[in-house]
Amino acid sequence: MERENGESFEQAVRYFSSEENITKCQPFILECQCYSDKIMNFGMTYQAVYKETSTKVIREEYGVGGETIQRGFYNPSPIVDIVMGNANRGKILKRITPKSKPVRKYLFDEFGMLVLVENFPLNIGCKEIIIRQNDMETGISFDDNGIQALSECIYRGNQILSYVFYLYNTKVYLK
C-alpha cells in the first residue's frame, strides 16, 4: 500500500518503531504518562465528586454552538477558537424556547464559578467536573465509559498562563 508521498506502509511502521522516532517521542510519552497517572488517581471517585458538586449548583445557563471546542462558550483558552479551523465558541441562550436546541448546560456555584458542564444529549454526551485548587483548574470529562479527557489551566490572578487539553482513551494503556 503506497502513501501519497510514495512511502510504503511498511516503511512508516519501521520508522515508528525506530530508535530515532522513539527518542524524538520520549518527552511526549513521559508527559502523556504523567497525565494518565493523574487520571488514574481519580479512579472512580469522579462520579462521587460530580454528585457532590451538583448539590452546590445554584445557577445554570444553556449554550448553543461551540460543539468542537471543550466547554464551548466557556473554554478557558483565549485563542483556541482562532487556532482551530472552522470552530466557534457558540453563545449563551437568554432563555429556552421550544425552538432552542441547547448543546450544553453550564452549572455555577454560589460564588459564580463554573463547576459542571453537561453536554447534550445527556445519555451519550460527556459531563465535566471543574476543580479549582489555588491557581490550577482541572477539568475531568467523562461519560458512561469512564474518563474521556482531562484539561488543566494554570492562572496568575485572572490571567491564564497555560491551558492543556488531553483526550484519554480508557482502552489504551501506556507501558
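I started with the lining of the largest pocket: strand 5, strand 7 and strand 8 (159–167) each supply at least two of its residues. Strand 8 gives the most, with three residues. I kept in mind throughout that this is a predicted model.

**Largest pocket.** I looked up the volume and got about 410 Å³. The lining has 24 residues. Nearest the pocket's centre I found Glu-67, Ile-69, Gln-70, Arg-104 and Asn-119. I then sorted the lining by type: twelve residues are nonpolar, seven polar and five charged.

**Second largest pocket.** Here I read about 330 Å³. Fifteen residues line this pocket, and Arg-71, Met-113, Arg-132, Glu-137 and Tyr-155 are the closest to its centre. By type, the lining splits into seven nonpolar, four polar and four charged residues.

**Positive phi.** Arg-71 turned up again in the backbone angles. Its phi is positive, about 65 degrees, although Arg-71 is not a glycine. I placed Arg-71 in the loop between strand 1 (59–64) and helix 4 (80–83). Is Arg-71 buried or exposed? Its relative accessibility is 3%, so I noted Arg-71 as buried; the cut-off is under 20%.

Asn-86 is another non-glycine with a positive phi, about 60 degrees. I found Asn-86 in the loop between helix 4 and strand 2 (91–92). At 83% relative accessibility, Asn-86 counts as exposed, since exposed means over 50%.

**Nonpolar cores.** Next I went to the largest nonpolar core, which has 14 residues. Tyr-46, Leu-116, Ile-129, Phe-142 and Ile-147 have the most contacts inside this core. Helix 2 (19–42), helix 3 (45–54), strand 4 (114–119), strand 6 (136–143) and strand 7 (146–156) each supply at least two of the core residues. A second, separate core has five residues, among them Phe-108, Leu-114, Val-117 and Ile-130.

I checked what Ile-129 touches, leaving out residues up to four places away in sequence. The list includes Tyr-46, Val-49, Tyr-50 and Thr-53. Also on the list are Val-115, Leu-116, Thr-138, Gly-139, Ile-140 and Phe-142.

**Helix 3.** Which residues of helix 3 are buried? I found Tyr-46, Tyr-50 and Thr-53. Seen down the helix axis, the buried residues of helix 3 fall within an arc of 70 degrees, so they line one face. Last, I looked up what covers the buried residues of helix 3: the cover includes helix 2, strand 4, strand 5 (127–133), strand 6 and strand 7.

Definitions and conventions: Residues numbered from 1 in each chain as written. Predicted model: local features only at pLDDT ≥ 70, side-chain atom pairs only at ≥ 80, totals over all residues. Heavy atoms only, no water. Core = buried A, V, L, I, M, F, W, Y, C linked by side-chain atoms within 4.5 Å. Buried < 20%, exposed > 50% of the residue type's maximum accessible area, 1.4 Å probe, protein only. Helix = DSSP H or I, 4+ residues; strand = E, 2+ residues; numbered from the N terminus. Contact = heavy atoms within 4.5 Å. Arc of directions from axis to C-beta. 1 Å grid on protein atoms, 1.4 Å probe; cavity = no way out; pocket = protein on both sides within 12 Å on 5 of 7 lines; lining within 4 Å. Points joined across faces, edges and corners; volume = space filled by probe spheres on them. Nonpolar A, V, L, I, M, F, W, Y, C, P; charged D, E, K, R; others polar.
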